[in-house]
Amino acid sequence: MDPLVARMRPFGTTIFTEMSALAVRTGAVNLGQGFPDTDGPASMLDVAAEALHSGHNQYPSGPGIPALRAAIAAHQRAYWQLEYDPDTEIVVTAGATEAIAAAILGLCEPGDEVVCFEPYYDSYAASIALAGAVRRPVTLRPGPDGRYTFDPGQLRGAFGPRTRLVLLNSPHNPTGKVFTPAELAAVAGLCVEHDVYAVTDEVYEHLVFAGEHRPLAGFPGMRERTIQISSAGKTFSCTGWKVGWACGPAVLVSTVFRVKQFLTFVNAGPLQPAVAHALALPASYFSGFRDDLRAKRDLLVAGLTEAGFVVYPPEGTYFVTADITPLGGTDGVTFCRELPERCGVVAVPTQVFYDDVEAGRRLVRFAFCKRPEVLTEAVSRLGKLAA
């Protein structure tokens, strides 16, 4: 008999663990799991090293050290024109993943409904299940122009009397979609109309190649009902540090904190000063990082196209999705499990991130947050598929 609670039984080993193990076993180039293969800014690493040697190794302040909360507030003001009180409206978490889980656990009663866009990052479904809540997915589909979009009627239909919150990720993993102002306004309007909360995952906020990032909290009626979440991992290439944060009105941030303190209590004491330093780096760091990723995106998109995929160029993040149909693929999981033997590259099947599995069955995701020489080697190997 399986001792695991029923609501978590659908969640086995993550696809990322499976595919990364496959890459190790076969010696394939791993473009599956989304982590960079270079470290972040040298000055940030120096501040972390100094903190390790100067008495920052015990429990930090529960909501996060004051310097980091102040840096987050300054960053939000400078880039997104959003004002948050660092003392009452910001809490530091163990990555964005904990912030999302704590927000959902703190806001949702069993049976409450969460509107989300699919494909969704796998932790969303698990967090909703842990809360005993119910997913109400709205499907993103690639259009003729290669851009992912959604049916406004399906979005409206996902809202009902049990809707508690909307979970929005923009820029969006895995599609690379950046929600337009009009699309965000539609989401905001429904949140206000139905008097529901919003939890926004904005970890790729600085990785936008087309369009612009607009926080949902900046739309009319949304600041007072939105928990805005981000982290240092993606922007500063330090995914293993797990330093994230949640911003919002004090009553909502308090909800996150009250749950978070019984999950990890506190985290990353000696790394928090380093993240505070990184957030204050000049704007040239953020634009340079984006431009570097754009060049890598273009390299991989060109290689995938040449290999025979139908490619959907991402507007943001560091992922690109592609349709396997022209290569004879009919199932993404099977395709990805066979890909290392076929050409020595690992990808991730996106169908595992859908409730509507058929919508994503022929789509796979590649990560391009790798060194140029790694991407060049991957592109060379993928070229075997065209033959």
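Which residues are linked with E183 in a network of salt bridges?

Author: Happy to walk you through it. This is a predicted model, so local features need pLDDT of at least 70, side-chain atom pairs count only at pLDDT 80 or more, and totals for chains, interfaces and linings use all residues. Residues are numbered from 1 along each chain as its sequence is written, and side-chain values use heavy atoms, with hydrogens and water left out.

To your question: R147, K177, E183 and E315 are linked in a network of salt bridges. A salt bridge here is a side-chain nitrogen of Lys or Arg within 4 Å of a carboxyl oxygen of Asp or Glu.

The structure holds 23 salt bridges, and another of them joins R371 to D37 at 3.3 Å, N to O. R371 lies in the loop between β15 (363–367) and α14 (372–386), and D37 in the loop between β1 (29–30) and α2 (42–52), so this pair ties together parts that are 334 residues apart in sequence. The helices (H or I, at least four residues) and strands (E, at least two) are DSSP runs, numbered from the N terminus. R371 counts as partly exposed, at 32% relative accessibility, and D37 likewise counts as partly exposed, at 26%.

A further salt bridge has D298 and R297 as partners, at 3.0 Å, N to O. Here D298 is partly exposed, because its relative accessibility is 38%, whereas R297 is buried, with a relative accessible area of 13%.

Strand β3 (residues 113–118) and strand β4 (residues 134–139) run parallel and are joined by six bridges; two strands pair if DSSP finds at least two bridges between them. Between β3 and β4 the chain passes through helix α5 (residues 122–130), a β-α-β crossover that is right-handed. Right-handed means that, with the strands pointing away from the viewer, the path from the first strand over the helix to the second runs clockwise.

Note on methods
Buried < 20%, exposed > 50% of the residue type's maximum accessible area, 1.4 Å probe, protein only.
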